[in-house]
Amino acid sequence: MQRTYTTIMEHQQQQQRNKKNIMVMMMLRASLLSRTMILFFVLVLLNVRVASSAGASDTETLLKFKDSLKNTDGLTNWKSSSMPCKGATANWVGIRCDGKGRVWGLQLEEMGLNGDINVDILKDLPDLRTISFMKNNFDGPMPDLRKLIALKTVYLSDNKFSGAIPPDWFAGMSSLKKVHLANNQFTGEIPRSLTGLDKLVELSLEKNKFKGKIPDFRQPAGFTTFNVSNNKLEGEIPEGLRKLDASSFAGNEDLCGGTLKACPSKKPATWSIVVVVIIVIVTLAAIAIAAFFILRCRNKASESSIEAPPPSTETVQNRSVRNEPEQQASAPGSPENSNGREVSGKNNKADQSLKLSFVRDDRERFDMQDLLRASAEVLGSGCFGSSYKAALLSGPVMVVKRYKQMNNVGKEEFQEHMRRIGRLAHPNLLPLVAYYYKKEEKLLISDHVQKGSLAVHLHGHQTVGQPSLDWQTRLKIVKGVAQGLRYLYHELPSLVAPHGHLKSSNVLLNESYEPLLSDYGLIPVVTQEHAHTLMVAYKSPEYMQSKRITKKTDVWSFGVLILEILTGKLPTNFLQHGKGSEEDLASWVNSVPQDEWFSQVFDRDMGAGKNSEGEMLKLLNIGLGCCEGEVEKRWDLKEVVERIEEVKERDNIHGDEDFLSSCASEGDMTKIVG
Ligand SMILES: Nc1ncnc2c1ncn2[C@@H]1O[C@H](COP(=O)(O)OP(=O)(O)OP(=O)(O)O)[C@@H](O)[C@H]1O
């Protein structure tokens, strides 16, 4: 019995244990299930996060891109409150989306857009494969799309892009299938890097100003579209394109071969060789005579702008005391004449039709008649033409500068560009006040700046016995130029070289020696054929070597300017000695052993003391850094400005230790004046 009871007890206990086990098992299963569910939800949440953060980054990138554009009224639904894509469907106008909700295409056509196609922003759209900005108002040079290496199609036709496209602008873009740049104002040669794109099947370059020969295209699959009609191309159609229809090449007078007219025979007859030799001899003689006269004129011009600077207030006053006549200039905009007043009398009627266009509202208006009535004085002749100082009878003293080579764009575009320049306002920029448009020449009118140009102060003032600029003033000038450039880069982002013509005669000094930049932002309007002989940007190493102008071209000019300011030497003197580009001022500095820089390189007239040596060295090294010949290694403007800001103005506390004055003799003061 006892045993049975025990067994029943044991049985009950066993049953209880079993129950417990079942419960534990159930609890374990439940916890496993809930953990799986939690894991599932976490994964779902993570997925949602990943997807939305991808969308958010495209949103931010596109909004940033929108900010870099102008006239964006058509993009009103680009807002931070929505995402550009919902799956494959686009929420925003002009966006193409792939199935994963990412942006793969921008199709912003016929929206009146202009401003900057900022490739650095677009490269943050990793899935971007196609861009179209057709039929807008974009101007300036062709953007550098190489940072969007995966692009398959590029449509930029029907805009106002201009300038030469550097030969390597498409290098490495091996996915490109379609390139449409028609109906713009591109100049220069068709970029050779296009020939290396094996997948290219559509190339549309018609209605531009491309010149030179057509490169040798040999795309393996051939072209479905190839159009270079209505350009200025010349020479024989290359072999790979000879079978294409004549319409692909129409409107290029000097093209021949293929389906066009046959090219002239290459073997000239003996008599024609004789004729050519005679023509060459006659032409060379004519060039030699012309060069002789040009050199003479140049010497005279440089004498007037540098060696004999415009008279200071003092010299003008002296003259009037002695009753000597001031130099009178022909009235701008009218035929050359030695007396401005005479002109105004003769052309009175005609002049009334000469209208000045004012680009700012805050300026007192005057007209051409007022300019003609003013007594004018020639300030000097530059690369573009002459500049005149005109003191208006009503008080203001203006400067009128004539530009002869400014026909890169038509009238409307020119006016638009002038208005754009007129909107700029910065303490280190000489404001444009008004302009006058005529097809053959343009006049740009600005205020006269009291102390004239930095060039005159650096290289000319000793001739009239005026003191030279001291170190503090030179540093202040460099800092002011840096600020002016920074502003230009910010306000004119679509210009590849926002200044483009930075040199010491285009830095003017006001009464407190604050620098004002002049002649800026003109690259888009200067006639391209002449730009390389006229503007500083086109003399940069990158232009000399590969016909490129980049955002760092102004940095190079700034470097030359800094070296000019610190050495007091004329960069063109190095050019005149036949050493090549202006970069040679930097080569010269580098050629002097560093322990001789203070005796050989720095301008002794700066009169700085030992206290400033470190800072002067810092600035000299910044100048040398800006003159780095290889664009990729050269600093960008932002970096240069930051470095310049770090250079401190130190007072000459220890006058006795003045390293410059202690070793400077009178003979050492002789300046290099070219
Ligand atoms: N607004 C101004 N106020 C005072 N001086 C000026 C003004 N504009 C020009 N100058 C000075 O007049 C002279 C002639 O200037 P201009 O701009 O015609 O030629 P440039 O600067 O020597 O060459 P470029 O034509 O290449 O710019 C220069 O010494 C220049 O600094």
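This is a predicted model: local features need pLDDT of at least 70, side-chain atom pairs count only at pLDDT 80 or more; totals for chains, interfaces and linings use all residues.
Residues are numbered from 1 along each chain as its sequence is written, and side-chain values use heavy atoms, with hydrogens and water left out.

The ligand is surrounded by 21 residues, each with a heavy atom within 4 Å of it; the closest are S387, K401, S453, K503 and D519. By class, this shell holds seven nonpolar, 10 polar and four charged residues (Ala, Val, Leu, Ile, Met, Phe, Trp, Tyr, Cys and Pro count as nonpolar, Asp, Glu, Lys and Arg as charged, and the others, Gly among them, as polar). Domain 2 (356-448) and domain 3 (453-653) each supply at least three residues to the shell, with bounds taken from an automatic or database domain assignment.

Turning to polar contacts (pairs of N or O atoms within 3.5 Å), a side-chain N or O atom of K401 lies 2.6 Å from an oxygen atom of the ligand. For the side chain of H501, the distance from an N or O atom to a ligand oxygen is 2.8 Å. A nitrogen atom of the ligand is 2.9 Å from a backbone N or O atom of D447. The protein buries 94% of the 610 Å² that the ligand exposes when taken alone (Shrake-Rupley method, 1.4 Å probe).

As for confidence, pLDDT (the predictor's confidence in each residue, from 0 to 100) averages 79 over the chain, and 75% of the residues score at least 70. The model scores ipTM 0.98 and pTM 0.52.

Definitions and conventions
A polar contact is a pair of N or O atoms within 3.5 Å; within protein, one must be able to donate a hydrogen and the other to accept it, and residues adjacent in sequence count only if both atoms are side-chain atoms.
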